[in-house]
Amino acid sequence: MRTMCMVPIIDLANHKTPRLRTGADEPMPLEPVSIQADSIVLVAPTDLQAGQEVHITYCYEPGNQKLLMDYGFAEEITPEQPSLEQLVLPSPVPDGPPLLLGSDADDVVTLATLKRHLMAQGDGDGSGDGNGDGGDGSGSDRAVCEALVAACGSALRQMPTSEEEDKEARSSPPEAVDSGRWRSIVNFRLGQKQHLRRTVYSLSKLLDSGASESFGAREVSGVLRGLRSEIALTP
C-alpha cells in the first residue's frame, strides 16, 4: 500500500535515474525514501562526495514518458543507466491495439499477441512442420522473437531522424522554442530510439546464440526485463 504525502526539503531534490550496478555493488533500494516510525529518511545508496548534488528518482517506469507527462521534462539516458522507456509498436492485426513493451505485464501481453497472430497465419505453430522444433514450441517462440525484432527494427527505421541527428539538434533549439522544452523533446526521441536499438540488439543476440533447446518465452521475457534492470548484465 502506498501513501501520498508532502515531504518538505526532500521534494527539492532533482531527479536522476540510477546508474547500472554490477554484482559487486551493494543492493540498491528501489526507493531511497523509507518510512521509519513517524519520520521519513532520505538514504543515499552510495557514498556522496563533498559538494555532490543529491538526487532522488521520481519514477521508474515507463521512464521519460511518465517524466514528461507528470513533471514536464525528459532526461538524457546514458549507457550507464537502465532503459526504462515504454515502447509502442504497431499491431500486427489491422485496426488492432498497439503492442507495448516496458513492463513485465506489457511484455507478456505483447508476446502472447504475436504468438496468436503467427499461429493464425500458420507460421511458428510449434507443430514441428517446417520449424524443426519437434512440436515442443521452441520454433513458435523463436518466430515470436523474430517478429518482435522485425517490429522494433521497422519502428526504428521509420523514425524521421537518426540518433546522431538528434544529438546534434539537442543543443540547437529552433528560434522561439524554449531550450529546456526542446531538450526534453529530443531526449524523449533519443530514449525511444536507444531502447529500440538495445531491444533489437539483445533479442538478435538471443536468436544467434543457437540455444534452441532452451529457447522459449521465458528467455525472451528475461532479455526484455534485463534491458530495464538496474543490474549490469556485462562487466
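This is a chat about a few local features of a predicted model.

Colleague: Let's start with helices. How do H5 and H6 pack, at what angle and how far apart are the axes?

Modeller: Remember that this is a predicted model. In it, H5, residues 179-208, packs against H6, residues 217-227, at an angle of about 145°, and the axes are 10 Å apart.

Colleague: Left-handed or right-handed crossing?

Modeller: Right-handed for H5 and H6. On the H5 side the contact is made by His195, Arg198, Thr199, Ser202, Leu203 and Leu206, and H6 brings Glu219, Val220, Val223, Leu224 and Leu227.

Colleague: How does that contact split by class?

Modeller: Between H5 and H6 there are six nonpolar residues, three polar and two charged.

Colleague: OK, on to H4. Which residues of H4 are buried?

Modeller: H4 covers residues 163-170, and Glu163, Asp166 and Arg170 are buried there. Looking down the axis of H4, the buried residues fall within an arc of 60°, so they line one face of the helix.

Colleague: Why would residues with that kind of spacing point the same way?

Modeller: An α-helix has 3.6 residues a turn, so residues three or four places apart point the same way.

Colleague: And what's on the other side of H4, and what covers the buried residues?

Modeller: Glu164 and Glu168 are exposed on the other side of H4. The cover over the buried residues of H4 includes H5.

Colleague: Is isoleucine 9 buried or exposed?

Modeller: Isoleucine 9 counts as exposed because its relative accessibility is 64%, and the cut-off for exposed is over 50%.

Colleague: What about aspartate 95, what's phi there?

Modeller: Phi of aspartate 95 is near 65°, also a positive value in a residue other than glycine. Aspartate 95 is in the loop between strand E5 (87-89) and strand E6 (99-101), and at 86% relative accessibility it counts as exposed.

Colleague: Last one, threonine 57. Where does it lie?

Modeller: Threonine 57 is in the loop between strand E4 (55-56) and helix H1 (64-71).

Colleague: What does the side chain of threonine 57 reach?

Modeller: The side chain of threonine 57 reaches the backbone oxygen of lysine 16, at 3.0 Å. Setting aside neighbours within four places in sequence, threonine 57 is in contact with His15, Lys16 and Pro18.

Note on methods. Residues numbered from 1 in each chain as written. Predicted model: local features only at pLDDT ≥ 70, side-chain atom pairs only at ≥ 80, totals over all residues. Heavy atoms only, no water. Axes fitted to C-alpha atoms, helices over the stretch in contact; angles between N-to-C directions. Helix = DSSP H or I, 4+ residues; strand = E, 2+ residues; numbered from the N terminus. Left-handed = near helix turned anticlockwise from the far one by under 90°. Contact = heavy atoms within 4.5 Å. Nonpolar A, V, L, I, M, F, W, Y, C, P; charged D, E, K, R; others polar. Buried < 20%, exposed > 50% of the residue type's maximum accessible area, 1.4 Å probe, protein only. Arc of directions from axis to C-beta. Polar contact = N/O pair within 3.5 Å; in protein donor to acceptor, adjacent residues only side chain to side chain.
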